[in-house]
Amino acid sequence: MADFPTTARVVIIGGGVVGVSTLYHLARAGWTDCVLLEKNELTAGSTWHAAGNCPNFSNSWAVMNMQRYGLEMYRGLGEAVGYPINYHVTGALRLAHSRERMQEFEHVASMARAQGLGMEMCTPAELKEHNPFIELHDLAGGLWDPLDGDIDPAQLTQALAKGAREAGAAIHRFTSATGIDREGDEWIVHTDKGAIRCEKVVNAAGYYAQRVGEWFRPHGGRRVPAVVMSHQYFLTEEIPELAAWTAEKGHKMPMVRDVDSSYYLRQDKNGLNLGPYERNCKAHWITPDDPMPEDFSFQLYPDDLDRLEWYIEDAMARMPLLGQSGVGRVINGPIPYAPDGLPMLGPMPGVPNAFEAHSFTFGIAQGGGAGKVMAEWITQGETEWDMWDVDPRRYTAHADHDYTLAKALETYGHEYAMHFPHHAWPAGRDKKLSPLHDRLRDAGGQMGAYNGWERANWFAKPGDDTAEAATQTWDRDGPWAARVREEVAAVRDHAGVLDLPGFSRFAFAGPSAAEWLRGRIAGALPKVGRMTLGYFPDSRGRVLTEMSILRHAEDDFTLITAAPAQWHDYELLRDALPKDGSISLTDRTDAVSTLILCGPKSRALLAPLAPEADLALPWLSHQEASVEGKPALLARVCFAGELGWEIHAAPENMPAIYDAIIAGGATPFGMFALNSMRLEKGYRTWKGDLSQEYTLLEAGLDRFLRLDKPQDFPGKAALIAEQARGPQRRFVTLVVEGNPQDAPPMATLRLNGDAVGEVTSGGYGYRVDASIALGVVRTEAAVPGTELTVEIYGQSYRATVQPDAPLWDRENARIRAQEV
């Protein structure tokens, strides 16, 4: 074809709403030399059969941002591009059957208000005022979002396509991408009409994303962790009563989501649309005898209403109108699911200049925002909002087929589930085990998964309630509370040991390694034999990541970071390294495991086990030593804020070391206790307190900055300018009073009724006997002694700003202790 391109700046594979939105936003950003390929007609995958629901609601700050942006854009898109769209902003109700569900709604409504959205809590009677057709049995209340509604997916996609074409981008329908090659720094995308050479590629292939992902395996890629689920909804025939009501009111009935029963119910023309997320759900194309077809465009699965029987009956009791008309049409189509039900949106793991924008279970609602985010990744290399919740690199090697399938089935069947702070979902577990796993379980360890690694959250004693149901509460106190208090007391008064497998760990060395690091972190490097925290900013001075930097020689380092950051931080380093290979970077995460031994008696306990070690070396030092005859690295640091060491050793040597420490009298403690103690010290967590939502100055990391050093690290100019004018926001530690639930992330903080910031993490400090919240607030609210209020699951509590020092051991005397 004469007009078929041979070059482009970006090639997007997939013509659903997300791919087309990405093209639209690229074109709006001035990147018009971009091509979208669709093997059939636009919308031929999941988009064409999508229900088109458009909620703002999300428990994720990042996803709510995407949805808020997209729905606002949709409300003006038709006029902006000259393409009519059936977009019905009807408002929607979410029904709550319990106090716990009302608490969840209260928190999301508070988040929504912080983003400028007007969600409102409702009594049962107020629910009836919004939608007169619902029955109120078993309801505690609900949530009203006036900006919720539904949109025609095909019209939305065509409107975005029109806008993209008019801005100069190209769309090639009925053009199959067949594979990719790499030459130098360029991609070659092969199609049935010829090859296109380009700088960047986007996998936006929807439920075919895994198949497209296989093309990138030879170039560093991995198997895409996604499963195709069958989502089924049905449309009734016309309901005369609903038609009459609509004619009288002049608008459609507000949507209803009965999230505890797990379905949505909305008006479609003058009938109803019922869409359950059933527990007895079904995945497709997951076995060799059920292969994914080469082309499933505009096709559906056979009807399977029997598995929806309970949901249909429940919905008919909730809205008797549903039973007044027969089934007009059944839609049973494929939708992709990642293990957690959130999309994969961002850099493709392991592959340079390749991106992923797929596995959207709510692609219509999120498509507008997804296009914006993807265009930012492609054109700027960073995004306005912190998007870790949807970053493809959040899944590492543990996300194999079995894990992905088990989690997708669990997530689909609990699509509307509440995510309680002490609850661990049971599917897809035991993917990465410490060599101490059986010992921990035998000691009562109640496990949680951290990037697939099993770690003990707390240790139960005989008679404790360890049932999953006991963890399904927002309240602080549960079966774990007394045990966590005991574990903290053991660390405070004697010695405790925590098995901490899965620290992301990189060996980093080369003749210019030190100078390279100085040009990437905002602060200084440690001396040989010492360690420090290094902060990597983005171009705006916001926090990309935090790494512990251990210096072994002038240009020889170990870099240690959070377990979930493994692929993210590896690529942050790898992608900026010199091309000449002068610096080596090796992922040693699986080669070394870690124990934390801490407490005032830890030195006395460790001394006979490591007789040749110098345990008088100061805080933030490290040394090679033998522990119980096994080679180890001892790092004089402790995230719990007590005298202590991290013991790093090969996994096969950990059982002997651990057994000797236990025999010496140490008490095992878990992640819940560690979290409590780190809050008392004001220590930040990655992607909790440390995220791209905040600059290093806003995050309170001033002491780690060296803005006068000669190296021009990313974000230096932005941080210098911010320091000169003064940060607009500051990090604070708060003590909260009277709250039976600890402050959740993104809980709103107010000063005299005005929103001034948000909580980044919260929990109970058992050494100081107080509920603690860490957060970021406007500068005027950060003065010690200022009394704020914090919104916690619908209730407001006093939160007092503390001095800029740890709540526990303010002078760090216990950490620095040099005496046995």
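Predicted model: local features only at pLDDT ≥ 70, side-chain atom pairs only at ≥ 80, totals over all residues.
Author: Residues are numbered from 1 along each chain as its sequence is written, and side-chain values use heavy atoms, with hydrogens and water left out.

Reader: Why is the contact of Arg 429 with Glu 454 called a salt bridge?

Author: A salt bridge is defined as a side-chain nitrogen of Lys or Arg within 4 Å of a carboxyl oxygen of Asp or Glu. The closest N and O atoms of Arg 429 and Glu 454 are 2.7 Å apart, so the pair meets that definition. Arg 429 lies in the loop between helix H10 (401–413) and helix H11 (437–442), whereas Glu 454, 25 residues apart from it, belongs to strand S21 (residues 453–459); helices (H or I, at least four residues) and strands (E, at least two) are DSSP runs, numbered from the N terminus.

Reader: What makes Arg 429 buried or partly exposed, and what makes Glu 454 buried or exposed?

Author: Buried means under 20% relative accessible area, exposed means over 50%, and partly exposed lies in between, with a 1.4 Å probe and protein chains only. Arg 429 has a relative accessible area of 21% and is therefore partly exposed, whereas Glu 454, at 2%, counts as buried.

Reader: Why is Arg 814 called partly exposed, and why is Glu 642 called buried?

Author: Arg 814 has 28% relative accessibility, so it counts as partly exposed, while Glu 642 is buried because its relative accessible area is 2%. Their side chains also meet in a salt bridge, at 2.7 Å from N to O.

Reader: How many disulfides does the structure hold, and what makes Cys 54 buried or exposed?

Author: The structure holds zero disulfides, a disulfide being a pair of cysteine sulfur atoms within 2.5 Å. Cys 54 is buried because its relative accessible area is 0%, and Cys 122, at 5%, likewise counts as buried.
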